[in-house]
Amino acid sequence: MKLWAGRFQKETDTLVNDFNSSIQFDARLYKQDIAGSIAHAQMLGKQGIIEEHEVESIVEGLKAILEDIEADKVEFSVDNEDIHMNIETLLTQRIGDAGKRLHTARSRNDQVAVDTRLYVKEEIPVIIGKILDLEEVLVEKAKEHTDTVMPGYTHLQRAQPTTFGHYMMAYANMFKRDVTRLEDCLERLDECPLGAGALATTTYDIDRFATAQALGFKKPTDNSMDSVSDRDYAIELLSALSILMMHLSRFSEEIILWCSWEFKFVDLDDAYSTGSSIMPQKKNPDVAELVRGKTGRVYGSLITLLTMMKGLPLAYNKDMQEDKEALFDAIDTVEICLPVFAAMVNTLSVRRHNMERAAAGGFITATDCADYLVKKGLPFREAYMIVGRLVNLCIKNHETLDTLTLRDFRAICDLFDEGVYEAMSLKHCVNGRTVYGGPAKESVLKQIALIEEFIQQR
Ligand code: ARG
């Protein structure tokens with residue numbers, strides 16, 4: 001029999017019963033639901049709304065249910081719709097009348113809101129921990145490769161020389177922002193909606209500050225209608241996770257390019273690659289590709305929630321039940337992608353020689369060649385034009401800037417002397433860029449120190 005059978009003259013259609021229920025996916029909120037109910041019952045007792053002996057049997061009953069769920073001894077039913085009603089029904093079956101008093105001054109609307117917030121509050125630190133593990137991998141790689149020269153690209157065209165260490169720290173900085181975004185989200189969601197009731201609180205003298213404190217929230221939410229109709233925290237989390245996945249996806253794309261034979265800058269460890277069922281020569285970067293692919297599904301979750309919420313009048317609407325699958329899927333996806341990705345990066349090996357050869361081949365020191373003339377007194381625009389002509393000459397004659405003779409250089413501008421070769425050497429070009437944030441070893445070491453400090457503070 002449904003909880004609401006008194007109002008109804010017919011049973012719920014079986015299709016509707018299945019359609020309406022969320023227990024298939026909200027069962028994972030059982031721990032939060034029980035914690036919320038215990039806090040609520042104890043507050044009701046303290047306020048004299050229910051008897052102390054009832055509180056005791058409710059709390060004991062809920063703890064026993066928790067144990068049984070964790071021992072896989074409980075079967076939930078779609079007839080009880082969701083995790084909230086499943087647990088309440090089970091409690092009443094077990095302890096009788098006291099169980100029927102638990103829902104005093106409460107609604108599933110504030111219940112589901114508090115459960116989901118509690119869940120997200122637990123998962124965000126887990127995700128942050130996994131990002132910090134990845135940061136540690138990046139810092140180690142960067143330390144190993146402060147001298148590994150490679151081309152930096154714009155438009156995927158070789159642009160200026162950098163190092164693999166500098167490259168790794170670029171990603172480390174993106175992931176650092178992901179951490180702080182998640183921390184911001186955590187800070188803002190740290191308010192307890194319990195006690196909002198269905199939407200307009202209650203006439204019982206409940207103590208929302210007590211339940212907020214008991215559940216580890218900073219304070220109760222300030223408006224009861226907002227409390228039960230707000231899913232901003234889930235949307236904020238999904239935005240932060242989408243941005244995080246976007247970073248992982250860009251990194252994946254680089255790794256996929258780098259381990260192609262066209263680049264061959266890195267080799268993935270065999271344990272983090274897969275073969276082909278038909279082509280014997282293949283070693284594929286499936287992990288990176290899957291991370292790139294799964295980015296789409298996390299974006300999908302964000303769009304699901306934004307779209308689901310955009311037309312909802314206050315306060316609770318059943319549409320909001322749709323938040324959970326998207327939210328859980330995104331959290332699960334991120335939590336599996338991060339450690340696999342970190343391990344893949346940790347075990348990849350770098351082909352320094354190929355990186356350096358690519359850096360030598362694409363005129364990436366042309367800017368430095370122009371700067372050399374500028375240091376001899378030429379305005380940059382003129383120097384730029386002269387080096388452009390030199391590059392053009394090289395392309396025609398299948399040469400690179402450093403294979404041109406001094407006579408070739410001087411034929412175009414007589415300010416050139418022997419020093420131009422040193423000015424264009426890759427080492428000089430990288431190590432001369434000691435500007436804050438730059439690729440020179442000393443600059444990258446500073447970037448590493450900053451990220452290490454950031455990790456340590458957490
Ligand atoms: N299963 C519901 C959800 O996830 C719980 C709240 C239901 N409230 C209601 N009045 N139908 O949103």
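The ligand is surrounded by Ser-22, Asp-26, Asp-82, Arg-108, Asn-109, Val-112, Tyr-316, Lys-318, Met-320 and Gln-321, where a residue counts as near a molecule if its C-beta atom, placed from the backbone, lies within 6 Å of it. This is a predicted model, in which local features need pLDDT of at least 70 and side-chain atom pairs count only at pLDDT 80 or more, while totals for chains, interfaces and linings use all residues. Residues are numbered from 1 along each chain as its sequence is written.

By type, the shell around the ligand holds three nonpolar, three polar and four charged residues. Here Ala, Val, Leu, Ile, Met, Phe, Trp, Tyr, Cys and Pro count as nonpolar, Asp, Glu, Lys and Arg as charged, and the others, Gly among them, as polar. Helix H7 (residues 108-144) supplies the largest share of the shell, three residues. Domain 1 (14-104) and domain 2 (109-357) each give at least three residues to the shell; these bounds come from an automatic or database domain assignment.

The protein chain as a whole has 20 helices and six strands, which are DSSP runs (helices H or I, at least four residues; strands E, at least two) numbered from the N terminus. Its radius of gyration is 31 Å, well over the 23 Å that the globule rule gives for 458 residues, so the chain is more spread out than a compact globule. That radius is taken over C-alpha atoms, and the rule is 2.2 Å times the number of residues to the power 0.38. Along the principal axes, the C-alpha trace of the protein chain spans about 100 × 50 × 40 Å.

The predictor gives the complex an ipTM of 0.95 and a pTM of 0.95.
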